[in-house]
Amino acid sequence: MQNIAPLNWRRFPERYLLKGNYCENCKQAFFPPRAICPNCRRKGKLVSMEMPRTGKIISYTKVYVPPEGFKNEAPYYLAIIELENGARVLSQIVDSEPEKIKIGAKVKKVFRRIGEPDKYGTITYGYKFKVVE
Amino acid sequence: MGVVIVGAGITKFGEHWDKAFRELIAEAGIKAIQSSGLRGEQIEAIYGGCMASGRLIGQEHIGALIADQLGLNPIPSTRCEAACASGSVALRMACLAIKSGLHSIVAVGGVEKMTELNTEGVSFALGGAGDQEIELFHGATFPSLYALLARAHMHAYGTTEEQMASVAVKNHANAMLNPNAQFHKEITIEQVMNSNYVAEPIKLLDCSPITDGAAALILCSKDKAKELGLKGVEIVASEQASDSLALTGRKSLTELRATRIAAQKAYEKAGITPSKVDFAEVHDCFTIAEILAIEDLGFFKKGEGGIASEKGKTSLKGKIPINPSGGLKAKGHPVGATGVAQAVEAYLQLMGLAEQRQIKNAKIGLTHNVGGSGATAVVTIYKRFKG
Ligand SMILES: [Zn+2]
C-alpha cells in the first residue's frame, strides 16, 4: 500500500494555507505553485504567495457515486472555484444550503478533514469551501 | 512519406470472462495481419496502446507481451500510454516510425482488460488519468470532472440533459448495427433521463461502460504499399495536443482546447475543412464529451452541439454521422484499445466493409480520441487509398 504521510507533509503549505505562486512579470497567480511561468518562461519571475481565501463558483456537481475513501460523505458537492486573483481550485463545497450552490455564488475557504482515514489511520486535512451570503 | 492502413482486426467488445488480456490482443493482432495479406515476418516494429494494465490486472511491460503473444520476437515493441488516448498515440507513433523512414511495415495494437476488478477498482484505475493531487484527492471521479464541464456548457449555452441523452440514444441505435459492439439494446430518452445520477447532471446512461477488448492495425508506407499492390486507407493527418492535467488549469470549461488545436493542425495537414469530412468517430466517454467534440472539431458552432444532436444531425443519415460504430457509449470503451478501435471503424467505413452501418460514398473519415478530461487529444484524418 502507498504511504501517504510524506505526500501529506509535502503539501501542507498548499492544502492548509492555499500557498501558490505569482509571476511578477505577467501578473498571473498559480495554484498549486508552478516551477516555471508558462506565459513568460525564463523571463518570468515567480514569487511564493498565499491565495485569497474567497472566490466564486465557476461550475459545480453533486457526486452520488463516490470514490474509495469518500463513501461516508456521499452525496457531496464539488466545484471549480475562481479565487479573487484569478487562480482556480477544485474543492468540495460544504456547510451550504443546496439551493445556494450555483454558478456565480461567492464562497470562502474553510479547513476540514479530507476523505476517510486510510488503513493505517492517517488522517488528511485541507481546504474546502462554503457559500457566503 | 505517406502511411496506409493495409489491415485491421478487432475483438468483440464486452465482458470476456473466457479471455485474458493476452488472448484479446493476440486475437486482434492475428486478425489484422491476416486481413492485410502480409505475413507476420514482414512486420518490423509494434506500438501498443494500453492505459492501466498495472492497476487493472497487475501486468506491465505490455510492449514485450504483445510481441511475444504474436510470435513476433525479437522486433522492437513499445507501449504508449496517454490515458484513454493511448491507442491513438500508439497509432501516431507508428506513423512517425514510418514517416521517419526507419520502418516500412508496422503493427499497432490497443488493448484493455477491465472486468476483472470491481467498479471501485476500475474507478481508481481510471482516476489515474486525472490530477491525483488536486482533483482525485478532493473526491473527484471521472464522471464528476465531465459533470463540471457539462454544467458549464449548460450554463453558457442552454444545453439540456435531454440533449445529452439524445447522444446516448443515437449511439445505442448505431451499435445495433455493429456485431462487435458491447450493447445491442436500443434505449429511449426517458430511460436515460430516469437513470440514476452518478454526478449531476451526468446519469448512469450518459456514461460509457467498463469493457474488455482489443483492436489492431497493420500500417505500411505508401511506397511499399504500391510496390506490394496493397489497397487500404491512407492516414493523411495525425495530430496531437496537450493541455493542463487538471480542469482548474484551463481557461475555458466549455471546450477541450487540445481537441480544437489538434483538429486545426490536422485539417491544415490534410488540406481540408470540417465540411469535407463524411463521418467521424469521436470520444464520447460521456454524452457531454460528444457534444463538446462535435463543436471543437468544427462540425457545429460552439454552443450548438446539443441542439444538433437532439435534431438528429449526427445520426447515420444526418448531416455528419458521428460514431457510426456506436461510439464509446455503446460499442464499449476498453480504454487503451479505444483509439485503435476508432481507426478500425474508419478503415471499415472507407473500405466499404461496414455492412449495415456503412455510410454511402464515404471518402474522408476522422477519429478523435481524448485522454482524461482533455489533457491529451489526438485527431486523425483518413481517406481511401487505391494503390
Ligand atoms: Zn509570467
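Me: Is A:Cys37 buried or exposed?
Reply: In this predicted model, local features need pLDDT of at least 70 and side-chain atom pairs count only at pLDDT 80 or more, while totals for chains, interfaces and linings use all residues; side-chain values use heavy atoms, without hydrogens and water. Residues are numbered from 1 along each chain as its sequence is written, and chains are lettered from A and ligands numbered from 1 in the order in which they are written. Buried means under 20% relative accessible area, exposed over 50%, and partly exposed in between (1.4 Å probe, protein chains only). With a relative accessible area of 1%, A:Cys37 is buried.

Me: Which protein atoms are donors of the zinc ion?
Reply: Donors are N, O and S atoms within 2.8 Å of the metal (3.2 Å for Na, K and Ca); water is not among the atoms, so sites may look incomplete. The protein donors lie 2.2 to 2.3 Å from the zinc ion, and they are A:Cys23 (SG), A:Cys26 (SG), A:Cys37 (SG) and A:Cys40 (SG).

Me: What is the arrangement of the 4 donor atoms around the zinc ion?
Reply: Four donors count as tetrahedral if all angles lie between 85 and 135 degrees. The ideal angle for four tetrahedral donors is 109.5 degrees. Around the zinc ion the angles are 104 to 115 degrees, so the arrangement is tetrahedral.

Me: Which backbone oxygen does the side chain of A:Asn21 reach?
Reply: A:Asn21 lies in strand E1 (residues 19-23) of chain A, a strand being a DSSP run of at least two residues, numbered from the N terminus. At 7% relative accessibility, A:Asn21 is buried. A polar contact is a pair of N or O atoms within 3.5 Å; within protein, one must be able to donate a hydrogen and the other to accept it, and residues adjacent in sequence count only if both atoms are side-chain atoms. At 2.9 Å, the side chain of A:Asn21 reaches the backbone oxygen of A:Arg34.

Me: How much area do chain A and chain B bury between them?
Reply: Contact means heavy atoms within 4.5 Å, and 30 residues of chain A are in contact with 26 residues of chain B. A:Arg88, A:Leu90 and A:Ile103 supply 22% of the area that chain A buries against chain B. Buried area is the accessible area (1.4 Å probe) that two parts lose on being put together, summed over both. Of the area between these chains, 62% is on carbon and sulfur atoms, and the total is about 2,500 Å².

Terms used. Tetrahedral: all angles 85-135°; square planar, octahedral: opposite > 155°, others 65-115°. Helix = DSSP H or I, 4+ residues; strand = E, 2+ residues; numbered from the N terminus.
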